[in-house]
Amino acid sequence: MTELILRINVSGQPMGWIPWQAAVLHYARDQVVWTLGDETMRYYGGFNRIHKQRSYVDVHPIVAVKGVVGRSRYETVPPLTNRELFRRDRHTCMYCLTSLADRHLTRDHVLPLSRGGDDVWTNVVTACRSCNQRKAARLLKESGMRLHAVPYTPNYAEWLILRNRNILADQMAFLKAQCPKERRDYL
Ligand SMILES: [Zn+2]
């Protein structure tokens, strides 16, 4: 199974994706305080010689693990990577609106690095190679090109959605509830 388990803290803040093996360890160590999601996944452990049966753990899609505080981590700006950037922009060039495979896309700095722009979520958009080359080191107004969306920094919940391509329905519903309303429907 390739599903990842969404680990949250006891305050209900999403902390990250963990492989099921790590979730099983949390169950075994009695660190799971509560769980969410109806769809459980059963993972088998070793064979118990006394009872002559295999042990198993039913893992919920979302597990609240005690001892995980992470407020500061939750508030941290998610790392900027092309994979998540292209996904934020739905694999579409924000200048000409062409949708392309990731290998044909680039990270464009709206305010070019050479003009003092930063390499941050709010200054980068997905661009096809030709638009990126056409814009080059010019400002938007100098290039005469039009930017079709304002770049934004995803919050931690949005970033977790961007990170994982195999999100279960319960996990998606939980994360979407923590995304800004205006972007919820686009994720
Ligand atoms: Zn383009």
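Start by selecting Leu36 and Ile62: Leu36 stands opposite Ile62, which belongs to strand S6. (Helices, H or I runs of at least four residues, and strands, E runs of at least two, are DSSP runs numbered from the N terminus.) Before moving on, note that this is a predicted model, where local features need pLDDT of at least 70 and side-chain atom pairs count only at pLDDT 80 or more, while totals for chains, interfaces and linings use all residues. Residues are numbered from 1 along each chain as its sequence is written.

**Stop 1: the sheet.** Now select S3 and S6, which pair in the antiparallel sense over 4 bridges; two strands pair if DSSP finds at least two bridges between them. Strands of a sheet pair through backbone hydrogen bonds, either parallel or antiparallel.

**Stop 2: the cores.** Which residues touch the most other members of the largest nonpolar core? Pick out Ile5, Val63, Ala157, Leu160 and Leu175, from a core of 19 residues. A nonpolar core is a set of buried Ala, Val, Leu, Ile, Met, Phe, Trp, Tyr and Cys residues joined through C-beta atoms within 7 Å; buried takes 20 or more other C-beta atoms within 10 Å of a residue's own, with C-beta atoms placed from the backbone. Strand S1 (5-8), strand S6 (62-65), helix H6 (156-163) and helix H7 (169-176) each supply at least two residues of this core, and H6 gives the most, with 5 residues. Apart from this core lies another, of 11 residues, including Cys93, Met94, Leu105 and Cys128.

**Stop 3: zoom out.** Colour domain 1 (5-76 + 156-184) and domain 2 (82-143) separately; these bounds come from an automatic or database domain assignment. How many Å separate their centres, taken over C-alpha atoms? The gap between the centres of domain 1 and domain 2 is 34 Å. Finally, view the whole protein: its C-alpha atoms fill a box of roughly 75 × 30 × 30 Å along the principal axes.

Methods
Buried ≥ 20, exposed ≤ 12 C-beta atoms within 10 Å, placed from the backbone.
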